Amino acid sequence: MADSKDANGITPTDPPPSYDSAAQPSPVVAGAPAPSSRPPGPRAPLPLELPVLTALRGRKVILASASPRRKQLLAQIGLTNITISPSTFAEDLSKSLSPLEYVLQTATKKAMTVYQRECDNDPALIIAADTIVIGPNGTILEKPRNEKEHIGMLRALRDAVEHKVCTGVACIAPLESALDPGYALETHVEETSVRFDSSVTDDLILAYVRTREGADKAGGYGIQGMGSLLVEGIAGDYNNVVGLPLRATLQMIEKVLNPEVEDEDDEEG
């Protein structure tokens, strides 16, 4: 009996291409358009072949956020077919909560709001996140509301030199069984220390603010863009500062999609 093959004619048990072949341009196929005269660019990496990601292919994955940065980060691990369904949660929790509790509760309420709205549409997974910056004196900084506040926010971060970025993440997967509450939920808070360059001038801060790059970002800057000019270094997860701790999120996805494994571990403990 012949081996079953996928759409590319490769048997599932075939090893990946060698490093030498991966560096070569694709062969010319008869009838295909003539190759460009430009030198070939780098070959895109092969997808991560993890059971949890394979199980999600072709199923509905919802990102409860309109953030393009979070969508791009999830695409890096192969979650490219994502439905964007922003939460309508007002994000009005009391700032008297500790910053870690504030960001964790906000992410969880975002996820639950979308789950309650979408649970009848058969989602396989819902991912929600909330990012804050903890400024001087432990104040919670979210997105600047106007230019004056934006300038003051960045000056305060520069003068404090070091601050923390916290992202709360919540992942929900509906359970096939009817067991209460009908879903598996995992939450996590990631914390990264960011050190601003104390020699950053007011002129640079004003010029950066007027690019509006940081207008929609907690703390008023984007480390993945021109905001990197303000940053001297970080300690912790870089992706967390961008908006989603990718490594921790993948671990959470594995847990909510395999809740029975978690239960077995708990029983053994």
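Student: Which residues have the most contacts inside the largest nonpolar core?
Tutor: In this predicted model, the largest nonpolar core has 44 residues, and those with the most contacts inside it are Ile 127, Leu 154 and Tyr 221. The largest share of this core, 5 residues, is supplied by helix α8, which spans residues 246-257.

Student: What does Ile 127 touch, leaving aside its neighbours within four places in sequence?
Tutor: With those neighbours left aside, Ile 127 is in contact with Val 61, Ile 62, Leu 63, Ala 64, Leu 74, Val 169, Ala 170, Cys 171, Thr 249 and Ile 253.

Student: Changing topic, how many salt bridges does a search of the whole structure find?
Tutor: The search finds 17 salt bridges. One of them joins Lys 110 to Glu 91, with the closest N and O atoms 3.5 Å apart. Lys 110 lies in helix α4 (residues 99-118) and Glu 91 in the loop between β2 (82-84) and α4, so this pair ties together parts that are 19 residues apart in sequence.

Student: And Lys 110, buried or exposed?
Tutor: Lys 110 counts as buried, because its relative accessibility is 8% and the cut-off for buried is under 20%.

Student: What is the phi of Glu 91 near?
Tutor: Phi of Glu 91 is near 55 degrees, which is a positive value in a residue other than glycine. As background, most residues other than glycine have a negative phi. Asn 137 also has a positive phi, of about 65 degrees, although Asn 137 is not a glycine.

Student: Where is Asn 137 found?
Tutor: Asn 137 is found in the loop between β3 and β4 (140-141), and with a relative accessible area of 81% this residue is exposed.

Student: Back to salt bridges: which residue does Glu 147 meet in one?
Tutor: The side chain of Glu 147 meets that of Arg 212 in a salt bridge, at 2.9 Å from N to O. This pair links distant parts of the chain, 65 residues apart, with Glu 147 in helix α5 (residues 147-160) and Arg 212 in the loop between α6 (202-209) and β7 (231-235). Both ends are partly exposed, since Glu 147 has a relative accessibility of 28% and Arg 212 one of 42%.

Student: What about Asp 202, which side chain does it meet in a salt bridge?
Tutor: Asp 202 and Arg 155 meet through their side chains in a salt bridge of 3.5 Å, N to O. Asp 202 lies in helix α6 and Arg 155 in helix α5, so the pair ties together parts that are 47 residues apart in sequence. Asp 202 counts as partly exposed at 34% relative accessibility, and Arg 155 counts as partly exposed at 36%.

Student: Which residues are linked with Asp 202 in a network of salt bridges?
Tutor: The network links Asp 202 with Arg 155, Arg 158 and Asp 159.

Student: On to pockets, then: what volume does the second largest pocket have?
Tutor: The second largest pocket has a volume of about 530 Å³. It is lined by 27 residues, and the closest to its centre are Arg 69, Arg 70, Lys 110, Lys 143 and Asp 216. By class, this lining has 11 nonpolar, 7 polar and 9 charged residues.

Student: Which elements each supply at least two residues of that lining?
Tutor: Elements that each supply at least two residues of the lining are α3 (68-76), β3 (125-134) and α7 (238-242).

Student: What does Lys 217 touch, not counting residues up to four places away in sequence?
Tutor: On that basis, Lys 217 touches Arg 69, Glu 142, Lys 143, Pro 144, Gly 222 and Gln 224. Lys 217 is found in the loop between α6 and β7, where it is buried, with a relative accessible area of 12%.

Student: Last one: how far apart in space are Gly 243 and Thr 167?
Tutor: Gly 243 and Thr 167 are 6.8 Å apart in space, C-alpha to C-alpha, although 76 residues separate them in sequence. Gly 243 is found in the loop between α7 and α8 and is buried, with a relative accessible area of 4%. Not counting residues up to four places away in sequence, Gly 243 touches Arg 70, Ala 129, Thr 131 and Thr 167.

Notes:
Residues are numbered from 1 along each chain as its sequence is written. This is a predicted model: local features need pLDDT of at least 70, side-chain atom pairs count only at pLDDT 80 or more; totals for chains, interfaces and linings use all residues. Side-chain values use heavy atoms; hydrogens and water are left out. A salt bridge is a side-chain nitrogen of Lys or Arg within 4 Å of a carboxyl oxygen of Asp or Glu. Helices (H or I, at least four residues) and strands (E, at least two) are DSSP runs, numbered from the N terminus. Buried means under 20% relative accessible area, exposed over 50%, partly exposed in between (1.4 Å probe, protein chains only). On a 1 Å grid over the protein atoms alone, a cavity is a set of points where a 1.4 Å probe fits but cannot get out, and a pocket is an open set with protein on both sides within 12 Å along at least five of seven lines; lining residues have an atom within 4 Å of a point. Grid points are joined across faces, edges and corners, and a volume is the space filled by probe spheres set on the points. Ala, Val, Leu, Ile, Met, Phe, Trp, Tyr, Cys and Pro count as nonpolar, Asp, Glu, Lys and Arg as charged, and the others, Gly among them, as polar. Contact means heavy atoms within 4.5 Å. A nonpolar core is a set of buried Ala, Val, Leu, Ile, Met, Phe, Trp, Tyr and Cys residues joined through side-chain atoms within 4.5 Å.
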